[in-house]
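Here are my notes on this model, point by point. Have the structure open while you read.

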Amino acid sequence: MPHILVPTDFSTNAYNALFYASRFFSYEPLKITLVHSFEEELRRQLSVSKRDNRDELYGEIKEQIEDRLEALRHQIIRDTEDYDVEVFCTETASPLHSSIDHLINITEADYLIMGTKGASGLKAVFIGSQTVSIMKKALKIPMMVIPEQSDFQAPNKVTYATDFKEDYSDQVVPLLKELYNAYPFQVQLVHVYTQETPEEEVQQHYRELKTALDFLTHSTHWVASKEPKNKVIAAFLRQHSSSLLLMNYHKHGFLKTLLNRSVVERVSFDLTVPLMLLPA
């Protein structure tokens, strides 16, 4: 039974991510834990409240959040009544990233689900600040980042974008096997490089992964480009009608470099398909 953690701020975007994930993992009985951090709300109300009793205010906010989580629990149960789903709720006044880290440790959750912010004009904010914070501080299990207004469709093409700097077979192959049993998709291996030919180390790791993926249909795409990698990958996804992007998050990867930049720079990475991030 997969167990997914789903942080929520009760927005439409957050519910879309929850609903999408409930469909994506419906191939087995599913356990969902809804998570809400009211740290910011408590801080805001304390700053404007004239009351000295912090515990009283804490109790009031906690009760309100419990009611909203319970309403959300009933809503997703109604919307997934054709599936075998258990839904639990937890609220906290701690920062979201530390709460997620704690829950991963005590619940043995399998996946973390996050939604992205909405589009503005021709570009979209790729990942909100909460998601970035969790990536940097609490990414211990695969994280699925779901763009706003994504409609679930069973994945038929999964793009795995990798730099092949390390052998990631132990990370990516078990995940692909699990998902492939539910969705017999095709995998597109993508490597973007800037030199004339890929380095020998890269080619060696590619050969190892290719051998490990002999259980499914896959194609390889070596893309030589000096354009920013995020833009190259986004263009590849559009051109090849990919339905899911899979990447590793590690200390030397371009994704971490991207997340260290300003929000203004990040908006150009406008994914329109879900992203599955694997921890290092």
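**Notes on the model**

1. Let me start with Lys-62, which is partly exposed at a relative accessible area of 24%. The burial classes are buried for under 20% relative accessible area, exposed for over 50%, and partly exposed in between (1.4 Å probe, protein chains only). Keep in mind that this is a predicted model, where local features need pLDDT of at least 70, side-chain atom pairs count only at pLDDT 80 or more, and totals for chains, interfaces and linings use all residues. Residues are numbered from 1 along each chain as its sequence is written, and side-chain values use heavy atoms, with hydrogens and water left out.

2. What does Lys-62 pair with in a salt bridge? The partner is Glu-91, with the closest N and O atoms 3.0 Å apart. Lys-62 sits in helix 3 (residues 54-79) and Glu-91 in strand 3 (residues 85-92), so the pair ties together parts that are 29 residues apart in sequence. A salt bridge here is a side-chain nitrogen of Lys or Arg within 4 Å of a carboxyl oxygen of Asp or Glu. Helices (H or I, at least four residues) and strands (E, at least two) are DSSP runs, numbered from the N terminus.

3. Helix 3 also holds Glu-70 and Arg-73, which are three residues apart and so separated by about one helical turn. Their side chains meet in a salt bridge at 3.0 Å, N to O. Glu-70 is partly exposed at 31% relative accessibility, and so is Arg-73 at 21%. Back at Lys-62, salt bridges with shared partners join Lys-62, Glu-66 and Glu-91 into one network.

4. How many salt bridges does the whole structure have? The search finds six.

5. Have a look at the loop between strand 1 (3-7) and helix 1 (12-24), where Thr-8 lies. Phe-10 is in the loop between strand 1 and helix 1 too. A polar atom of the Thr-8 side chain is 2.9 Å from the backbone nitrogen of Phe-10. Thr-8 is buried, with a relative accessible area of 10%, and Phe-10 is buried at 19%. Phe-10 also has a positive phi of about 70° although it is not a glycine. Most residues other than glycine have a negative phi.

6. Ser-241 deserves a check as well: just after helix 8, Ser-241 takes a positive phi of about 50°. Ser-241 is placed in the loop between helix 8 (229-239) and strand 11 (244-249). Within helix 8 itself, the buried residues include Asn-230, Val-232, Phe-236 and Leu-237.

7. Buried or exposed: which is Ala-161? Ala-161 counts as buried, at 6% relative accessibility, and is found in strand 8. Ala-161 and Val-190 are 29 residues apart in sequence, yet 4.7 Å apart in space, C-alpha to C-alpha.

8. Finally, Glu-166 lies in the loop between strand 8 (157-161) and helix 6 (169-182). Glu-166 counts as partly exposed, at 38% relative accessibility.

Key:
A polar contact is a pair of N or O atoms within 3.5 Å; within protein, one must be able to donate a hydrogen and the other to accept it, and residues adjacent in sequence count only if both atoms are side-chain atoms.
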